[in-house]
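Look at the chain as a whole before turning to its parts.

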Amino acid sequence: MGLEADRGLLGRTSTAERVAGVLRTRVSEGYFLPGVRLSEQDIGNALGVSRNTLREAFRLLTHERLLVHELNRGVFVRVPSVEDVRDIYRVRKIIECAAVRDVTEKPAAYEKIASTVADGDRAAKQAQWQDLGTANIRFHAELAALTGSERIVELMQALAAELRLVFHVMADPRRFHERYLPRNHEILDVLATGDGIRTAEMLAVYLDDAEAQLVEAYAELAGSR
């Protein structure tokens, strides 16, 4: 599906923030790959926005570390480094573990969280590994949303887009995403009991393992060059 389908999301009062939101979502869904040059003309025409509005949106996303401007070359989707991986996971562990640690009963948002795991199950059965990655990102976003903080939700949206760029380093996305689906179920089961402390412990190990796997993939990629 092309960007033209997202034009309706901008409404009549299109702003750079809304355009940035559309592009951020597209990055988090894997539509734009790391290192790809973004065409002002193509994106502007697709979304029906002015060049100035689009450039401001690019500036906002550059500030969020999703894009990078190269002099005389244009705007590109950023290629994250291994240091980015470590920093992203450092932030994720602080936010997500704190979000679930205070849980003392089955969360009111439990069904919403469970639906993201169900989406992951369906994606895995259909061998749609990118969709499984998207479901996994949404699972963690819903865990973070247990804080009830709009600022944390916004921060996780930005991290989700960065995370998608990181995931592209995996030559075999199935190798990375599939192994965490059973663990999502395990975390969901414990969360249902209201044992926030145990959930936080499981989540910390989970995130440590994911970070280590991604760092290893970066090392393998560097060794092959």
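How many helices and strands does the secondary structure of the protein chain come to? This is a predicted model, and its protein chain has 10 helices and three strands. Along the sequence these follow the pattern α-β-α-α-β-β-α-α-α-α-α-α-α.

Consider the overall dimensions next. Taken along the principal axes, the C-alpha atoms fill a box of roughly 55 × 45 × 35 Å. A compact globule of 225 residues would have a radius of gyration near 17 Å, and the protein chain has 18 Å, which agrees. Of the 225 residues, 46% are buried. The protein chain exposes about 11900 Å², with carbon and sulfur atoms supplying 49% of that area. Among contacts between residues at least 6 apart in sequence, 76% join residues at least 24 apart.

Which residues of α3 are buried? They are Leu54, Ala57, Phe58 and Leu61. These four cover an arc of only 100° around the axis, and therefore lie on the same side of α3. An α-helix has 3.6 residues a turn, so residues three or four places apart point the same way. Asn52 and His63, on the other side of α3, are exposed.

The cover over the buried residues of α3 includes the helices α1 (16-28) and α2 (40-47), along with the strands β1 (37-38), β2 (67-70) and β3 (74-77). Just after α3, Arg65 takes a positive phi of about 70°.

Notes: Residues numbered from 1 in each chain as written. Predicted model: local features only at pLDDT ≥ 70, side-chain atom pairs only at ≥ 80, totals over all residues. Heavy atoms only, no water. Buried < 20%, exposed > 50% of the residue type's maximum accessible area, 1.4 Å probe, protein only. Helix = DSSP H or I, 4+ residues; strand = E, 2+ residues; numbered from the N terminus. Arc of directions from axis to C-beta. Contact = heavy atoms within 4.5 Å. Rg over C-alpha atoms; globule rule 2.2 N^0.38 Å. Areas by Shrake-Rupley, 256 points an atom, 1.4 Å probe, with all protein chains shown as cover.
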